[in-house]
Every structure is written in C-alpha cells, then in structure tokens.
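The sequence and structure come first.

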Amino acid sequence: MRLQDTLTGSLVELPPPPEPVGIYVCGPTVYARAHIGNARPFVVFTWLARWLRHQGYDVKLVHNITDVNDKIYEAAPGRSAGLARDATAWYLEDTAGFGLGMPDAQPLATETVPEIVELIGTLIESGHAYAADGDVYFRVASFEGYGALSGQRPDQVEEQEPNPAKEDPRDFALWKATKEGEDTSWESPWGVGRPGWHIECSAMAAKELGPEFWIHGGGLDLVFPHHENERAQSVAAGHPFARIWMHNGMLRFTGEKMSKSLGNVETIREVLDEWGAQTALVFFLTAHWRKPIDFSPATMSAARAQAETFRNALRGERRAAGDWSELGAALEDDFNTPAALAVMHEWARTGALDELRRSLALFGLESLGAVEAAPAEVVALAEARVAARDARDFAEADRLRDSIAGAGWEVRDVADAPFFQLVKRAT
C-alpha cells in the first residue's frame, strides 16, 4: 500500500499487515451546519480505513471535532458553548447519513484540556514556548524544520495572530487568555483562558494514537498554518508524530447559482436529502482524493446515473467472474478511487456480480443491490401480463405493462418462473 506524503512529496509504502495503522483526521470547527465539502475527508478516510482493514491492518480511525475556536466565539458571542454542542450534534447526525459507520474515536477539544495544558507545559520547559500576558506562544525560531510541510520559507512567514507582546511576529498561540464575550474558559498555570486551535489537535492525536502514528489527514486548506504548526509543536515536544501526511483536494462549488461568497452552498444534510447517500458516495468516488472535485447539479446527476448503472447490473444475472486483484491494484496505488470505479463499471458490464457486490460494500454502497418487493397489486398486473402474452394478446400485455409503469415499476421478461422481474423505477 503506497500513499502520497505531503511532507516528502513522494509515495510512502506501508509495512505489510497486521501493522497497526493509526489515522488522525482533522474534523470540522462546529459553528454551523457543515457543507458538503466538509464531508470529503470524512468519507475518504473512512474508505481508506475500511480498505486497510480489508487487507488485514489493525486500524484505529480518529476524527476530531473542534468545539473551541475563535470562529465559534464570533458566531455566537456569549453562547458559543451551546452553539458548539448543537453544531456537533448536527455534524454527527449528518455524517451518519452516509451509512459508513462512525470513526473509532471522535474526541472533542473541550474534553482534552488537561492534556493540552500538559503539552503546553512541556513546550515551555523545553524552551519552545513562552508566556506573555496570559497567553502562551510557540517560538517558531526554535524549531529548525518549520515550513517543511507547507513549503513556507521561515523568513517569509507572515504574522498569524498579531500581538505586540510576542517575541517574534511568526509565533502562534498555544493558550489564549479569556476575552470579553467568550463563555468557555479553564484554569491554567498561565491564567484563565482556553487553547489555541493548533495545540488542540496535537493533544487529541497524542491522546488517542500515542506520540507516533502512521497517517495524518485533512483538507488541503489545512496544510498551512494548521498542520505546519501542529507538526512543529508536536515534534518540538518530542513526539515523532505522523509518518504520512495526506491532504485531500478541495470541493469546488461550480453550479451557476452556488458560491461560498454568496453563502448558498449545499450542506451535507441538503445533499443527502436531495440526492441520497448512494449518489453522494458515487460522486466522491469519481475524483482522486488528492485532486479537487467539482460539485454541481450536473456532476451529481452523472453520479446518480452511475449508481443506477450498478443497480441495474445487480438486477441481472451473474455471467462472469472478475479479478479482485484489479481493484486491489487501483487502491494499493495511492488509493485511486477513479481507477477502482472503472474496474467496478467493467464488472457491471460483464456481469461479474460477486466482485461488484464486494466492491460496492467496501464503499458503503451495498444497498444498491437491495431488491424492493413489489406490492401485491403490481405483482398481479405482472402475472396477468404473462397470461396475456401466453394467449398472444399483445395489446393487452402492452396495456398491462403501461399500468405497471404507471405504478412506478418496470417489468422485465426472464426465462424462469414466474417469467417476470419487477424493478422499482428510479425517481
């Protein structure tokens, strides 16, 4: 299994199973209903964990939730804690709608404050951090490898959090003193306050996976400053941290009437309600995880058509055997889901239905093979049509076929009794 690593810019090979593989994925900052782009890392890394388990690896998937952050305070001054609780519940409900199951752990920043305080103390003791008027900052100049992950030159890094009390404009906050309108705070050796964004993930990752683990994932937009700062503070504290950094490409809203600037992008809930989980999952399969993916009514319609292709294939008869290693070759090579999707379409075309079902189940699409029982009145129409065809009353058979279609079903002729198959028509 080879995966592209952002830090080295090369493919890194995992050791053979049953190697323990810890995966830490940066989840959302919860202050609103998550849009469909927030679902991409959830889906991609859940799929990756499923595939690795299928191959015999001992996988632990951790997907955090950031419930303490400046964005939450800004969204709900004085009531951020309530908003964070509500938005966390929305996110868990919405991602559960994909039917992929949930990660092995979903830690909250608010539940990790003791570990965060301890980690900050370690950085201060080692000279990598310092207190300033109730805040604590990381000394960027103390970490020689700063900028390696994102390609930033340390001497060109712009100030991230302006404060005249800082020793260096590049230094970033590990702990922030409580300000007016902030309704969540904790005691610390540096005063009442709350954690900075970056230190939250370092502490949650170490708590759940230990000081070193295999994969750190997240969106491409997190490479700098979030993951750069995570890596710096964790390694400075003596944690080897992640061996592979995986950054999924961004979802682009390309529909004519959708743009983030206009605030009318689709939420996860809206997409699932309109298109269904099956179409959404096929949509995510269509682009390589490292590449951008375009979301629009057209791309979703195309994904729906692909899902229907698989559904129709599974309603047919098994005609061939597929080579499972073809799917494995696609996924083992940097988890190439478009290549895997092409293999699945070939199996659908040739009738390699056993392999098709296994592959669909891997990606949470096993329900495409579910057969809905037709109501008794539709079955009666189909049986009457068989009798009409036997009597060579083709006009009556056609009328009955149209009646079946009007009830939302398609009737297909088959060789064996009862000599028909009823298929629910796509809506």
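**Sheet and cysteines**

In this predicted model, strand S7 (residues 172-177) and strand S8 run antiparallel and are joined by 3 bridges.

**Sheet**

- The sheet is open and consists of 4 strands, ordered S5-S6-S7-S8, with antiparallel pairing.
- Strand S5 (129-132) and strand S8 (193-195) are the edge strands; each has a single partner strand, so one side of each lacks a neighbour in the sheet.
- From one strand to the next, the twist averages 20 degrees.

**Helix on the sheet**

- Helix H4 (residues 113-125) packs on the sheet and touches S5, strand S6 (135-138), S7 and S8.
- The direction of H4 makes about 125 degrees with that of S7.

**Cysteines**

- The disulfide count is 0.
- Cys-26 is in no disulfide: its nearest cysteine sulfur belongs to Cys-201 and is 3.7 Å away, whereas a disulfide requires sulfur atoms within 2.5 Å.
- For Cys-201, likewise in no disulfide, the nearest cysteine sulfur is that of Cys-26, 3.7 Å away.
- Cys-26 counts as buried because its relative accessibility is 6%, and buried means under 20%.
- Cys-201 also counts as buried, with a relative accessibility of 1%.

Methods. Residues are numbered from 1 along each chain as its sequence is written. This is a predicted model: local features need pLDDT of at least 70, side-chain atom pairs count only at pLDDT 80 or more; totals for chains, interfaces and linings use all residues. Side-chain values use heavy atoms; hydrogens and water are left out. Two strands pair if DSSP finds at least two bridges between them. Helices (H or I, at least four residues) and strands (E, at least two) are DSSP runs, numbered from the N terminus. Axes are lines fitted to C-alpha atoms, for helices over the stretch in contact, and angles run from 0 to 180 degrees between N-to-C directions. Contact means heavy atoms within 4.5 Å. Buried means under 20% relative accessible area, exposed over 50%, partly exposed in between (1.4 Å probe, protein chains only).
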